[in-house]
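Please look over the sequence and the model below before reading on.

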Amino acid sequence: MRRSNLNISMIVIIAVLLFSSMRSGGFSDPIQWLSEKLIILPGIIIGLSMHEFAHAAVAYKLGDNTPKLQGRVTINPLAHIDWIGLAALFFCGFGWGQPVQINPFNFKNRRRDELFVALAGVVMNLLLAILFTFVLKAVTAAFGSYTLASGMGQIVWYIIYYTIQINLVLMVFNLIPIPPLDGFNIIAEIFNFGQTETYWKIYQYGNWILVALIIFGVAGMIIAPCVNGLMNIVWAMI
């Protein structure tokens with residue numbers, strides 16, 4: 001997810017998700033909770049930072065040097081992590097990276113190039129999921145299920161596994177066609193209403209539409225079956 005500032009809608013989402021997690025007993029065993037979160041943390045950092053790097057790199061390749069001047073054309077996570085967004089994803093399962101700023105007037109073909117930039121993040125998450133699937137398959141084949149069933153081997157296996165899952169979640173979530181998610185910009189450029197009054201009217205209320213989708217579980221109903229289906233494919237490959 002990309003956003004310009006931490007506004008009231010984001011605070012509402014974080015508060016609701018924290019409350020939901022507390023009610024479901026998410027913090028009943030702090031040690032287990034922390035250990036589980038530390039296992040998924042590498043996947044979160046990789047997924048968020050590489051998502052934003054992809055936006056920056058594609059924009060730069062297409063002629064906009066704004067991301068380069070801001071130090072965003074790098075795989076260094078520190079250039080892309082929004083610490084509040086990272087904390088929200090860590091504690092609530094919902095978060096964002098530091099948005100990449102672009103100047104579309106630098107593009108040769110504005111509509112086409114903005115579409116490519118919007119697609120870049122989700123494509124990167126998909127490629128990372130595929131890459132780590134092959135890594136996990138190689139690790140499993142090299143060390144065997146017995147070695148990976150205990151101790152450090154099990155931790156490494158789960159870190160890779162959750163890196164795959166988190167990247168798929170980020171991909172599917174960002175493809176939801178609601179602003180400020182990438183899916184909305186992709187649809188806007190495909191149907192050529194990205195520079196219209198309609199685009200900005202929808203964008204104005206996008207965060208609150210997203211709040212409603214998350215609070216009432218609609219986002220989960222969209223994401224869960226898609227990610228579960230993709231993870232079944234991953235599991236079959238492994």
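## The protein as a whole

The protein has 10 helices and 0 strands, where helices (H or I, at least four residues) and strands (E, at least two) are DSSP runs, numbered from the N terminus. Read from the N terminus on, its elements follow the order α-α-α-α-α-α-α-α-α-α. This is a predicted model, in which local features need pLDDT of at least 70 and side-chain atom pairs count only at pLDDT 80 or more, while totals for chains, interfaces and linings use all residues. Residues are numbered from 1 along each chain as its sequence is written, and side-chain values use heavy atoms, with hydrogens and water left out.

Of the 238 residues in the protein, 44% are buried, a term that means under 20% relative accessible area, with exposed meaning over 50% and partly exposed in between (1.4 Å probe, protein chains only). The accessible surface comes to about 12,400 Å², and 69% of it belongs to carbon and sulfur atoms; such areas come from the Shrake-Rupley method with a 1.4 Å probe, and for residues only the protein chains shown count as cover. Among contacts with a separation of 6 or more, 73% are between residues 24 or more positions apart, where contact means heavy atoms within 4.5 Å.

## Helix α6 and its partners

Two packed helices are described by the angle between their axes and the distance between the axes. The axes of helix α2 (residues 30-61) and α6 come within 8 Å and cross at roughly 40°; here axes are lines fitted to C-alpha atoms, for helices over the stretch in contact, and angles run from 0 to 180 degrees between N-to-C directions. This angle makes α2 oblique to α6, because angles under 35 degrees count as roughly parallel, over 145 as roughly antiparallel, 65 to 115 as roughly perpendicular and the rest as oblique. The contact of α2 with α6 divides into 11 nonpolar, 6 polar and no charged residues, with Ala, Val, Leu, Ile, Met, Phe, Trp, Tyr, Cys and Pro counted as nonpolar, Asp, Glu, Lys and Arg as charged, and the others, Gly among them, as polar.

Helix α10 (residues 218-237) also packs with α6, at an angle of about 140° and with the axes 10 Å apart. That angle makes α6 oblique to α10, and the crossing of α6 and α10 is right-handed. Among the residues that meet are W157, Y161 and F173 in α6 and I223, C226 and W235 in α10. By class, the contact of α6 with α10 has 15 nonpolar, 1 polar and no charged residues.

## From the loop into α7

I178 is placed in the loop between α6 (151-174) and α7 (182-190), and I178 is buried, with a relative accessible area of 15%. Not counting residues up to four places away in sequence, I178 touches F184, G206, I209, L210 and L213. I178 and L210 are 32 residues apart in sequence, yet 6.7 Å apart in space, C-alpha to C-alpha.

Helix α7 is mostly covered, as 7 of its 9 residues are buried, F184 and E189 among them. Just after α7, N192 takes a positive phi of about 60°.

D113 lies in helix α5 (residues 110-147) and counts as buried, at 0% relative accessibility. Leaving aside neighbours within four places in sequence, D113 is in contact with L62, F107 and K108.

Terms used
A crossing is left-handed if the near helix is turned anticlockwise from the far one by less than a right angle, and right-handed if clockwise.
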